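User: I have a protein model open and I'd like to talk it through. Can we go over it step by step?

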Amino acid sequence: MSVSLKIENVSKAYDKNIALSHINLDVQAGEFVCLLGPSGCGKSTLLRLIAGLDDPTEGKIYIGDRDVTRLPPSRRNFGIMFQSYALFPNLTAYENVAYGLRNRKMRNRDIEDRVNRLFDMIKLSGAKNRLPSRMSGGEQQRVALARALATEPDFLLLDEPLSALDAKVRLTLRREICNIQRKLNLTTIMVTHDQDEALTMADRIVVMNRAVIMQSGTPEQIYENPESPFVADFIGSINFISAKEGIPYGLVKGKTAAVRPEKIRITREEQEGSLRGVIRDIEFRGFYHRVTVGLTHVVHGDLVLAVDVPYQTENSMKFRTGESVWLVIPQDEVLQFETA
């Protein structure tokens with residue numbers, strides 16, 4: 001059965017280096033939480049503390065109602081999957097998954113039933129007798145997931161599990177991990193620096209930077225209502241516009257405006273409140289084009305905005321570099337932040 005986790009005022013320091021500073025986080029039973037942030041922000045350190053692989057300098061960690069702050073990993077009942085797979089190279093896929101169950105002295109028949117069920121779940125029943133060296137990266141990662149689930153853990157920890165895989169395999173495994181997590185209703189915490197992984201997999205995203213939590217919320221909340229320029233810039237693409245650039249956004253003094261490229265509409269006809277500009281670049285990105293527009297009537301210097309145009313729209317309008325266009329920016333789509 002899934003459990004909740006609670007991180008209470010946790011800090012971690014290595015000599016004078018602060019890895020985590022006063023972290024508070026509640027994870028509900030059955031929730032899928034992504035710890036997202038740049039390298040060195042503290043997300044992997046937090047995962048290690050939850051697993052008991054390291055001790056916090058201060059603060060408490062609870063699994064359910066149990067204070068596990070000083071308990072060893074063996075008494076926390078979690079499954080863990082790493083970026084590097086960490087499979088035993090001399091054992092078959094089957095034996096890798098069965099390894100932890102044999103250490104628990106389970107009966108062979110029970111081990112066989114559970115391992116076979118897991119191989120059915122990860123859709124690799126035909127690869128049970130292969131060595132890791134005879135398997136692709138995606139297959140090895142599936143086996144690593146089955147091994148993490150074999151002991152029926154209370155919660156699952158994933159440390160950059162997909163970053164070593166190619167794009168297509170990553171997409172497939174994303175869906176499979178999510179399907180399995182929901183099927184088992186398993187409390188899961190995943191470390192990633194990939195915003196697409198976080199947006200598509202998580203029930204809740206925890207954005208971290210410089211040893212602290214910057215914002216926590218659903219993927220929609222984080223994307224649509226970022227609380228800081230860092231979060232806005234780290235999740236998706238965004239245009240920043242300072243008040244001194246003189247654009248009529250209703251800016252409050254001392255604030256910086258921001259707008260997502262897909263929120264801006266581009267047209268050849270002037271409309272009320274529209275801004276005139278010249279197309280500087282058009283970049284094909286598959287299902288949309290990124291159109292870079294330099295505004296021509298800015299009071300203080302140049303302003304360049306990125307505009308995302310759906311493929312069908314661009315294909316029918318056929319914009320050209322150097323062409324004059326008008327940009328329509330809905331006021332209710334403009335975010336405003338305190339200027340640092």
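Analyst: The chat below goes through the overall fold, some strands and helices, a few backbone angles and the pockets.

Analyst: This is a predicted model, where local features need pLDDT of at least 70, side-chain atom pairs count only at pLDDT 80 or more, and totals for chains, interfaces and linings use all residues. Residues are numbered from 1 along each chain as its sequence is written, and side-chain values use heavy atoms, with hydrogens and water left out.

User: OK. How many helices and strands are there in the protein?

Analyst: The protein has nine helices and 18 strands. Helices (H or I, at least four residues) and strands (E, at least two) are DSSP runs, numbered from the N terminus.

User: And what box do the C-alpha atoms fill?

Analyst: Roughly 75 × 45 × 30 Å, taken along the principal axes.

User: How much of it counts as buried?

Analyst: Of the 340 residues, 49% count as buried. Buried means under 20% relative accessible area, exposed means over 50%, and partly exposed is in between, using a 1.4 Å probe and protein chains only.

User: What about contacts?

Analyst: Among contacts with a separation of 6 or more, 65% are between residues 24 or more positions apart. A contact means heavy atoms within 4.5 Å.

User: Which residues stand opposite each other?

Analyst: K6 stands opposite Y62 in β4, and Y14 stands opposite N17 in β2.

User: What sits between β1 and β2?

Analyst: They form a hairpin with two residues between the strands, and D15 there takes a positive phi near 55°.

User: Where else does a positive phi turn up?

Analyst: K123, in the loop between α3 and α4, has a phi near 60°. A211, in the loop between β9 (204-209) and β10 (212-217), has a positive phi of about 80° although it is not a glycine.

User: Are K123 and A211 buried or exposed?

Analyst: K123 counts as exposed because its relative accessibility is 65%. A211 counts as buried because its relative accessible area is 4%.

User: Now helices. How covered is α1?

Analyst: Helix α1 (residues 43-51) is mostly covered, with seven of its nine residues buried. The buried ones are K43, T45, L46, L47, L49, I50 and A51.

User: Where is E176, and what does it touch?

Analyst: E176 is in helix α5 (residues 167-184). Apart from neighbours within four places in sequence, E176 is in contact with I122, K123 and R142. E176 is buried, with a relative accessible area of 13%.

User: And M121?

Analyst: M121 is found in helix α3 (residues 108-121). Not counting residues up to four places away in sequence, M121 touches I180, K183 and L184.

User: Last topic, pockets. How much space lies in the largest pocket?

Analyst: About 550 Å³. On a 1 Å grid over the protein atoms alone, a pocket is an open set of points where a 1.4 Å probe fits, with protein on both sides within 12 Å along at least five of seven lines; lining residues have an atom within 4 Å of a point. Grid points are joined across faces, edges and corners, and a volume is the space filled by probe spheres set on the points.

User: What lines the largest pocket?

Analyst: The lining has 19 residues, of which F78, G79, I80, R147 and T151 lie nearest the centre. The elements giving two or more residues to this lining are β6 (78-82), α2 (93-103) and α4 (137-150).

User: And the second largest pocket?

Analyst: The second largest pocket holds about 390 Å³ of space. It is lined by 14 residues, and S237, F287, Y288, R290 and D308 lie nearest its centre.

Conventions. Pairing = 2+ DSSP bridges.
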